Amino acid sequence: MTTQIFPRRAAALSLLLIGLVGIGLPEFALAAEAGAPHLDGRAMGALWVVPFVGILLSIALFPLLAPMVWHHHFGKISAAWALAFLLPFAAFFSVELATYELLHTVLLEYIPFIVLLTALFTVAGGVRLAGSLVGTPLANTVGLALGTALASLMGTTGASMLLIRPLLRANEHRRHKVHTVVFFIFLVSNVGGSLTPLGDPPLFLGFLKGVDFFWPTTHLLGPMAFLSGLLLAIYFVLDLVLHTRDPGKHPLIEGVHEREPVRVEGGVNLLLLVAIIGAVLLSGVWHPGVGVTLHHVTVPLESIVSQILLIGITVLSLKLTSEKSRRLNGFSWGPMIEVAKLFAAIFLTIIPAIAILKAGTDGALGAIIAAVNDGGKPNPAAYFWAAGILSSFLDNAPTYLIFFNTAGGDAATLMGDLALTLTAISAGAVFMGANSYIGNAPNFMVKAIAEERGVAMPSFFGYMAWSCGILVPLLGLTTLVFFL
């Protein structure tokens, strides 16, 4: 195994980059631990985050400045940013470490993510609410409330994929629909998933670390009910105002067509949703201690079995659901393909950002880690905002874990004396995933499905104008009530 972080012929160039890129002593970057390469975030400077910022800006700006180029070439642009990280990383740190990080990300993070998302997307897309659906302000508000409640039972992604199509169909006669999808992302795709480990990946990680299954239910119920109640009230008033100004009338309201009773088509998919939850739980509670290893990366048997089950559930859903029902439901693979390509680049370019954060106060982002403690004592409000802001743009699961460990990492202590701190970390990681389209996987899925159904969704920054204008002030109020 090589112990050099870059070839000798690159030494002169590397000396010029030490300050900006953060390359230091060889042992900081590549250390042998049970024969596996190891990336130490202390060896990385802020420049390594540029490709990640690049893919974010591409998602934000290309649809505005060059929509046709983005529509036809977003996969190539995403691949270019991934290579902009991976190739320099291999040159500076070694091909071995780059291969290890690539395989670790693909095998343990990206593939499980895509397999689960595909299963949820396929199964939920097979459930169709047929009959007369009318998107009145009251009906829409009740639907958002129902989705918020379901998110903690079937996960934010499952609830989002199940309910977004019926909501869009119920409001297809309305001129103003964007606000409904935005609030759907706020509530169903994020805030609602805060009450159980099934709701959102950060809480599932906490469960694996020893946090009691129903601990989030009792400790996050107050903040979640407070925030979601305010959001629902604001939505109802906004939708009521827009509804009165909307010249579009539904045929049922005008009495042109007879109301049809609402019925569920593809009901077998509801059982398959339960099966998906079971497959995910299996990977969290069953640990046989064996797996398949490829270049020092071991894929646990429970993960392999879980993914095989999820693939099987996906195939079953396709076999058991009527093609006509899927077609009437507006189901297509376009949104899934878009998410798969974009998140492949995000998962790779995010590697240095997570490594730097894991380095704690010794990393290039050490000021963020240091700011959450006052004289060695955790500051719940600071933890809430630090975990939340990073979760708005980074993967909220490892972000949760970083601050979980920063606060001590002992589940018993965090559930006891530091319960408010753990509540703040959990709430920040889950709630603030709604601040941007990439803060949580279902955000982008919902956006893509809505656009496919003809809704002119806001741009990346346009959406953030909504979140900063409505959600962020409410998060500030939540801080005053619960974390100060």
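Is Val285 buried or exposed? Val285 counts as exposed, because its relative accessibility is 54% and the cut-off for exposed is over 50%. The model is predicted. The salt-bridge count comes to three.

**Val285**

- Val285 sits in helix α12, which covers residues 268-285.
- Glu302 is 17 residues from Val285 in sequence. In space, the C-alpha atoms of Val285 and Glu302 are 8.9 Å apart.

**Salt bridge Asp40 with Arg42**

- Side chains of opposite charge can pair when their charged atoms come close.
- Asp40 and Arg42 form one of the three salt bridges. Their closest N and O atoms are 2.5 Å apart.
- Asp40 counts as buried, because its relative accessibility is 11% and the cut-off for buried is under 20%.
- Arg42 has a relative accessibility of 35%, so Arg42 counts as partly exposed.

**Salt bridge Asp239 with Arg174**

- Asp239 pairs with Arg174 in a salt bridge. The closest N and O atoms of this pair are 2.7 Å apart.
- This pair links distant parts of the chain, 65 residues apart. Asp239 belongs to helix α10 (residues 221-245). Arg174 lies in the loop between α6 (137-170) and α7 (178-187).
- Asp239 and Arg174 are both buried.

**Salt bridge Glu451 with Lys447**

- The side chains of Glu451 and Lys447 also form a salt bridge, at 3.0 Å from N to O.
- Glu451 and Lys447 both lie in helix α22, which spans residues 441-452. They are four residues apart there, so about one helical turn separates them.
- Glu451 has 32% relative accessibility and therefore counts as partly exposed.
- Lys447 counts as buried, because its relative accessibility is 10%.

**Ser78**

- Where is Ser78 placed? Ser78 is in helix α4, which runs over residues 67-93.
- Ser78 has a relative accessible area of 1%, so Ser78 is buried.
- Which residues does Ser78 contact, leaving aside its neighbours within four places in sequence? Ser78 is in contact with Ile55, Lys341, Leu342 and Ala345.

Technical notes. Residues are numbered from 1 along each chain as its sequence is written. This is a predicted model: local features need pLDDT of at least 70, side-chain atom pairs count only at pLDDT 80 or more; totals for chains, interfaces and linings use all residues. Side-chain values use heavy atoms; hydrogens and water are left out. Helices (H or I, at least four residues) and strands (E, at least two) are DSSP runs, numbered from the N terminus. Buried means under 20% relative accessible area, exposed over 50%, partly exposed in between (1.4 Å probe, protein chains only). A salt bridge is a side-chain nitrogen of Lys or Arg within 4 Å of a carboxyl oxygen of Asp or Glu. Contact means heavy atoms within 4.5 Å.
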